[in-house]
Amino acid sequence: MLTHVTRPIKIGAVEIKNRVVRTAHGTGLYADGLGGELIAYHLARARGGVGLTFIEILGVHRTTVAGLNVYDPRMPAGYAKLVEVVRPTGMRLFQQLWHGGQNSLPRDGSPPWGPSDLPSPEGGVPTVPMTKGMIDEIVEAFAKTAAACVEWGMDGVEIHGAHGYLPAQFLSANTNKREDDYGGPLENRARFLLEIARAVRASTPKGYPVGVRLAPDYTAGGVGPEESLIVAKMLEAEGLIDFVDVSAGNYQSFPKMVGGMHEPMGYEMPTSAPVTAGVAVPTIVTGRFRTLEEADQVIRAGEADLVALTRAHIADPDIVAKTLAGHPEQVRPCIACNQGCVGNLRSAKRRVGCVINPGGGWEETTGDDKLVPAARPLKVLVVGGGPAGLEAARVAALRGHKVTLAEAQGRLGGTLILAARAPTRHGMLDFVSWIEGELRRLDVEIRLGTYLDAEDVLAMAPDAVILATGASPRMDGIQASNPGEPVAGMDRPHVISSHDLFAEPKRRWGAAAVVVDDVGHYEGIAAADHLVSQGTAVTYVSRHISFGPGVESALMNEPALERMSRGDLAVRLRSRAIAVEDDAVVIGPTYLPATTNQVERAPANVVVFISANRSNRELHAALADKGLTMHVVGDANTPRSLESAVHEGHRAAVSLN
């Protein structure tokens, strides 16, 4: 029973209708400034019932570049439109005020500003140590930006003092090496943040909510919970803040900022609760919360006043509405894979998305609310119950088609069943459980253990067929770096695929293993992690220049390496397997011939070979000339990611007419 999260709360003079928050997060949806895409993104969540949303970082000065910048002349009109469309929903809008310091390179190519001449792990450029005049200029910029937010109709502002950005750089002894009034003891290192807060408070009306975001950073010598609490109490003692928003991590501990599937619900609470417990103003916490029940539990325990469900609302904008309507089981669950949200933002896509919600980040054109009922309901056959087929069946049924889903295996999920057996990856099944429930709610006919050939399909006489027959491991020994030299000895019995590995998750494979990862996605990491967790010594071999580069942007690599550091893992990059022997694999550099004297022999009782899978297109070939309306989706089209599979299944069902 929800007893706390649905209650209103006042922050300053502003009432928030419930305790559900979306904290500030990058979107990449600002090609037109604060325009249609970004407004549609926030409006969808406002209509879903969120109480409070923080709009992503607003750059306060020309020495820092954000997606949204106060000096952009398009901002006043954009904010006016945002406020106009959101206000009727009752969702409150607070703006986060930001200067990146060493973590943001100025657009004109000049060096970044910071407390001391140190580089960040992001930009790598040492900062120009700020003079008193530069400090005063930035303090004034925060104040002017806050005043602009008042003018634009925003309900409150938040000073970003977390995550290693400029105020946090002053707070941390790791980045603040000054010997003047802004360096040394904590009271000096906090001076810059206090001056900002005083100026922001002075530039905003009485009762206007002003708050701060702080984050214990997990870094040795950095800012911990104790110092974060001291700073919060200093701000509170002067009446400078109306709320404290507590997060975690910085760029030296980036995976802690956006904890992935390996982190439990509320993983930030051990460092957040000591801060929230020590202040009287309303507090906000975050950390992989996904349901109103989880948020209610935190508030009931007195650990915070409001709880952020940020990524959860990317996965499903209607969490609040669905839950309060008595249907929490219909909420599409965030699986914290990080591939669609932070992963897409930090990749070439440069915009937010969601692996399991095709409408996430595309609210103007895509999503369940954009589905149009079919003009003529069709008899639709979906072959394959993996992620692409599941989403295709769900969307087709939502549009009013009569859907039959045939799956050859005895359960739904496809290769997600295997993927979920890797360490810390059981959350994958949350998506499968949710969508299976939706299919049954939508009266989709599910036929398990049903293998269909072309004659079977034709006998069913469907109006349209969606083939989601997946892909199979390609065990030909070809590596993309050296395609003319397939691995010798691939026919040996101890050479297996990742499918074989996870088909028998409890099997012990011996004292030593070699994982040959030619793909560079999570599959290779999962195989190595699984074997190391069983006590096997693993040699990981990859042609790539880093460990699992395909999921680097999703922040999966370091947590996996940290887990495996407790076992026996050897990593060989820019390397390839040359030959499999009885008890070893011959390994050499990709850039040297196999005959080089730089080869090594890695011991191996088992060899896991991972390369691009081969699509199962046999059924498509057999039906190609039969006059059927047919779509091939997911790995059956060509092997890619979970995101590609789900989104392609969605699009195929949308196109059925």
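**Figure 1. Which residue with a positive phi follows α10?** It's G302, with phi near 75 degrees. Before we zoom in further, note that this is a predicted model, where local features need pLDDT of at least 70 and side-chain atom pairs count only at pLDDT 80 or more, while totals for chains, interfaces and linings use all residues. Residues are numbered from 1 along each chain as its sequence is written, and side-chain values use heavy atoms, with hydrogens and water left out.

**Figure 2. The whole chain, for orientation.** The chain has 22 helices and 28 strands. Its radius of gyration is 27 Å, close to the 26 Å that the globule rule gives for 657 residues, so the chain is as compact as a globular protein of that length. That radius is taken over C-alpha atoms, and the rule is 2.2 Å times the number of residues to the power 0.38. Along its principal axes, the C-alpha trace spans about 75 × 70 × 45 Å. Of the 657 residues, 60% count as buried; buried means under 20% relative accessible area, exposed means over 50%, and partly exposed is in between, using a 1.4 Å probe and protein chains only. Take the contacts with a separation of 6 or more: 70% of them come from residues 24 or more positions apart. A contact here means heavy atoms within 4.5 Å.

**Figure 3. Helix α10 and what sits around it.** This helix runs through residues 292–300, and its buried residues are L292, E294, A295, D296, V298 and I299. So who does the covering? Among the elements over those buried residues are strands β3 (20–22), β12 (283–285) and β13 (306–308), along with helices α9 (269–276) and α12 (319–324).

**Figure 4. Helix α9, a neighbour of α10.** Six of the eight residues of α9 are buried, so call this helix mostly covered. The buried set is M269, T271, S272, A273, V275 and T276. These residues pack against α10 and β12, and also against α7 (225–237) and β11 (243–246).

**Figure 5. Aromatic rings in pairs.** A search of the whole structure turns up eleven aromatic pairs. One of them is F54 with F94, an edge-to-face pair at 5.5 Å centre to centre, with 90 degrees between the planes. This pair links distant parts of the chain, since F54 is in strand β4 (residues 52–59) and F94 is in strand β6 (residues 92–98), 40 residues apart. F54 is buried, at 0% relative accessibility, and F94 is buried too, with a relative accessible area of 0%. Next come Y79 and W152, a stacked pair at 4.5 Å centre to centre with 20 degrees between the planes. Here too the pair links distant parts of the chain: Y79 belongs to helix α2 (residues 75–86), W152 to helix α3 (residues 132–152), and they are 73 residues apart. Y79 counts as buried at 0% relative accessibility, and W152 does so at 11%. As for the cut-offs, rings of Phe, Tyr and Trp (its six-membered ring) pair if their centres lie within 6.5 Å; planes under 30 degrees apart count as stacked, over 60 as edge-to-face and the rest as tilted.

**Figure 6. A cluster of four rings.** Zoom in on W98, Y165, Y251 and F254, and you'll find ring pairs joining them into a cluster.

Figure 7. A471 sits in strand β18 (residues 471–472) and counts as buried, at 12% relative accessibility. Between A471 and G634 there are 8.9 Å in space, C-alpha to C-alpha, although they are 163 residues apart in sequence. Leaving out residues up to four places away in sequence, A471 touches H499, N613, R614, S615, N616, D635 and P639.

**Figure 8. Two loop residues with positive phi.** H163 has phi near 60 degrees, a positive value in a residue other than glycine. You'll find H163 in the loop between β9 (156–160) and α4 (166–171), where it is buried with a relative accessible area of 9%. N338 is also a non-glycine residue with a positive phi, near 65 degrees. The loop that holds N338 lies between α12 and α13 (342–345), and N338 counts as buried at 2% relative accessibility.

Definitions and conventions:
Helix = DSSP H or I, 4+ residues; strand = E, 2+ residues; numbered from the N terminus.
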